[in-house]
Amino acid sequence: MLTHFIAAFGVLALLTVVPGPDMAVVTRRALAAGPADALRTVGGTATGLLFWGALTVAGLSAVLAASPAAYLVVKLLGAAYLVFLGVQTLRQSRHSPSARTETGDASRAGSPWRTGFVSNLLNPKIAVFYTGLLPTLAPPHLPAAWAMTLLVLLHTTLTVVWLGGYALLLSKARRVLEAPRTRRAFERTTGVVLIGFGLALVTAGGSP
């Protein structure tokens, strides 16, 4: 059982550190409002994972994963949200830090917790991941519901540690990132990445 758990830990850790929409969303919040907001975004992301995990344990996310129509609707909504965040980030990159303070760009970015939560809530690939891959990693000697709960909590913890550490690393580099030219380039890159993730979600297969 220990060997099985270590293997599951390794797979989940690898999947967690691969750059994805979550990291781009956290980067966006860190640049727009600082590390505190970035950490709140991480909290929203973790809540989204727990939400999908609860649906998975209850067997409901399997319905979405098996329904092409439901999957397509959530996929399009999720893609639109990522593109919206990307465009908003690109627009913010056109203003100087002082102009942003005057116009309230950071406050208009919305609740950081909600940003993280919604970006995960509208990611149907998490449902497919939890219903497709997670059961293959579950320790065989535990009841299915307990095994899935354990893996969801493990994945959520790894995500919080990884993205939280990333947000704090951004705060350490804040002096460098506050240079107008560097900040503008970083924000534009983040905006393009968010739009790219959104378009990639749209162009992915139309069904699970």
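Predicted model: local features only at pLDDT ≥ 70, side-chain atom pairs only at ≥ 80, totals over all residues.
V18 is partly exposed, with a relative accessible area of 46%, and this residue sits in the loop between α1 (2-17) and α2.

**Surface around V18**

- V18 belongs to a nonpolar patch on the surface, which is formed by L14, V17, V18 and W162.
- Together, these four residues have about 350 Å² of accessible area.
- For the protein chain as a whole, the accessible surface comes to about 10,400 Å². Carbon and sulfur atoms account for 71% of that surface.

**Overall organisation**

- Along the sequence, the elements follow the pattern α-α-α-α-α-α-α-α-α-α-α-α-α.
- The protein chain has 208 residues, and 43% of them are buried.
- Among contacts between residues at least 6 apart in sequence, 85% join residues at least 24 apart.
- Y166 is found in helix α11. With a relative accessible area of 19%, Y166 falls under the 20% limit and therefore counts as buried.
- Apart from its neighbours within four places in sequence, Y166 is in contact with M23, V26 and T27.

**The nonpolar core**

- The largest nonpolar core has 21 residues. Those with the most contacts inside this core are L12, W52, L64, Y130, L134, L137 and L151.
- Two or more residues of this core come from each of α1, α3, α5, α9, α10 (134-137) and α11 (144-172).
- Helix α11 supplies the largest share of the core, namely six residues.
- W52 touches S61, L64, N120, L121, N123, I126, A127 and Y130, when residues up to four places away in sequence are not counted.

**Helix α8 and its cover**

- Helix α8 spans residues 112-121 and is mostly covered, as seven of its 10 residues are buried.
- The buried residues of α8 are P112, T115, G116, F117, V118, S119 and N120.
- The cover over these buried residues includes α2 (21-33), α3 (35-58), α5 (68-92) and α9 (124-132).

**Aromatic pairs**

- A pair of aromatic rings is described by the distance of the centres and the angle of the planes.
- The structure holds four aromatic pairs.
- In one of them, the ring centres of F51 and F117 are 6.2 Å apart and the planes stand at 80 degrees, so this pair is edge-to-face.
- Because F51 lies in helix α3 and F117 in helix α8, the pair ties together parts that are 66 residues apart in sequence.

**Salt bridges**

- The structure has two salt bridges.
- In one, the side chains of R29 and D37 meet at 2.6 Å, N to O. R29 and D37 are both buried.
- In the other, the side chains of R40 and D37 meet at 2.8 Å, N to O.
- An α-helix has 3.6 residues a turn, so residues three or four places apart point the same way.
- R40 and D37 are three residues apart in helix α3, and are therefore separated by about one helical turn.
- R40 is partly exposed, with a relative accessible area of 46%, while D37 is buried, with a relative accessible area of 14%.
- Through shared partners, the salt bridges join R29, D37 and R40 into one network.

Conventions: Residues numbered from 1 in each chain as written. Heavy atoms only, no water. Buried < 20%, exposed > 50% of the residue type's maximum accessible area, 1.4 Å probe, protein only. Helix = DSSP H or I, 4+ residues; strand = E, 2+ residues; numbered from the N terminus. Contact = heavy atoms within 4.5 Å. Areas by Shrake-Rupley, 256 points an atom, 1.4 Å probe, with all protein chains shown as cover. Patch = residues over 30% accessible without salt bridge, like charges linked within 9 Å, V, L, I, M, F, W, Y side chains within 5 Å. Phe/Tyr/Trp six-rings, centres within 6.5 Å; stacked < 30°, edge-to-face > 60°. Core = buried A, V, L, I, M, F, W, Y, C linked by side-chain atoms within 4.5 Å.
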